[in-house]
Amino acid sequence: MERGWRIPTGGTRSFVWIVVAFIKFSFIYSKPDPEAYHELSTEEYDVFLQELHPPHNPRYDINLARAKRQAGDQTFEFDSDEDEEGPWDEWGPPSSCSRTCGGGVVTEERTCTAPKPDSCVGPSKRFSSCNIDECPRGSKDFREEQCAKFNNELFERKYYDWIPYLKAPRKCELNCMPKGERFYYRHAKKVIDGTSCDDEGRRICVDGECMPVGCDGMLGSNTEEDKCRICGGDGSTCETVSSVLDDQDLKMGYNDLAVIPPGATNIRIAEMKASNNYLALRNSTGHYYLNGNWRIDYPQQMDICGTTFHYERKYKNT
């Protein structure tokens with residue numbers, strides 16, 4: 001029996017056949033590097049979950065940085081701390097800034113003009129800061145953006161949503177962890193210059209190494225905040241307040257012990273010795289951030305009211 005679609009054409013019969021081709025598709029993907037793969041132990045995974053929180057983006061004193069630049073005070077970090085020696089060429093043109101905001105890096109390079117490259121001693125690269133203005137509110141974390149670029153790439157025949165993993169030993173590798181999984185993978189040996197080394201502090205990755213940044217946002221700067229959190233200050237704009245609470249007449253339940261005033265910095269609250277009590281933290285409206293509503297939290301670090309609190313707990317019999 002003939003099969004096909006019959007189309008009359010001037011009284012003669014012709015047939016148009018529908019041809020279906022079955023094509024076998026095969027996905028081509030690169031096999032993961034086993035040295036870049038790390039399975040988390042139960043303890044590592046628990047620590048990861050406890051310390052999982054939004055990244056803390058450093059803030060720089062933009063006005064101080066601007067004043068320094070206007071005065072011609074430019075600072076650099078170098079890829080070598082050796083004394084300079086040999087016939088070096090002039091520094092080449094600066095690269096484009098590695099970031100559009102949040103503190104990027106400009107790189108300049110030079111070459112040794114001697115017949116033998118090892119005749120020159122000293123740095124071949126120097127780095128300076130750029131675009132240190134804060135990123136717009138709601139912007140993604142820079143390391144998070146780099147991990148998310150792999151969301152649309154097959155990994156062991158699956159697609160994952162990748163998030164940064166910051167507990168790996170090498171802070172300037174791009175180590176990412178799939179959501180809901182218990183392993184992380186090194187997607188790149190170097191993060192993009194200007195990426196924070198960790199989730200707190202002012203060290204950034206430059207050419208695969210952690211380098212410090214001054215509070216003015218400039219690489220190579222030794223300008224630091226004073227105890228009052230003033231960049232380059234002398235500590236004269238605030239005073240240190242300390243006291244010991246030894247009230248023995250406490251009722252069962254929550255007791256108000258102290259109020260942290262707005263603008264307070266470098267806060268430390270500690271027990272003189274371990275006890276069966278727990279420290280709680282709440283705001284003026286009664287909302288608890290730590291150990292509230294008769295629930296005890298794990299030791300961890302938390303972003304509260306624009307700063308980071310580190311909560312540690314020791315047990316009475318330890």
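# Strands and salt bridges, asked and answered

Me: How do you know that strand 8 and strand 9 are paired?
Reply: Good place to start in this predicted model. Strand 8 (residues 174-178) and strand 9 (residues 183-188) share three bridges in the antiparallel sense. Pairing asks for at least two bridges, so three bridges are enough to call these strands paired. Within that pair, L174 sits opposite A188 of strand 9.

Me: What makes strand 3 and strand 7 edge strands?
Reply: They belong to an open sheet of four strands, antiparallel, in the order 3-9-8-7. Strand 3 (37-39) and strand 7 (162-164) each have a single partner strand, so one side of each is left without a neighbour in the sheet. From one strand to the next, the twist averages 35 degrees.

Me: How do you know that strand 4 and strand 6 pair?
Reply: Two bridges join strand 4 to strand 6 (residues 125-130), running antiparallel. F78 has R126 in strand 6 as its bridge partner. Both strands are part of an open three-stranded sheet with the order 4-6-5. There, strand 4 (77-78) and strand 5 (104-109) are the edges, each with a single partner strand.

Me: Why is the contact of D207 and K190 called a salt bridge?
Reply: Their side chains meet at 2.9 Å, N to O. The cut-off is within 4 Å, so this pair qualifies. D207 lies in the loop between strand 10 (203-206) and strand 11 (209-212), and K190 in the loop between strand 9 and strand 10, so the pair ties together parts 17 residues apart in sequence. K125 joins K190 and D207 in a network of salt bridges.

Me: Why is D207 called partly exposed?
Reply: Its relative accessibility is 25%. Buried means under 20% and exposed means over 50%, so D207 falls in between. K190, with 46%, is also partly exposed.

Me: What makes R282 and D256 a salt bridge, and what does the pair tie together?
Reply: The closest N and O atoms are 3.0 Å apart, and the limit is 4 Å, so the pair counts. R282 lies in strand 12 (residues 281-282) and D256 in the loop between strand 11 and strand 12, so parts 26 residues apart in sequence are tied together.

Technical notes:
Residues are numbered from 1 along each chain as its sequence is written. This is a predicted model: local features need pLDDT of at least 70, side-chain atom pairs count only at pLDDT 80 or more; totals for chains, interfaces and linings use all residues. Side-chain values use heavy atoms; hydrogens and water are left out. Axes are lines fitted to C-alpha atoms, for helices over the stretch in contact, and angles run from 0 to 180 degrees between N-to-C directions. Buried means under 20% relative accessible area, exposed over 50%, partly exposed in between (1.4 Å probe, protein chains only).
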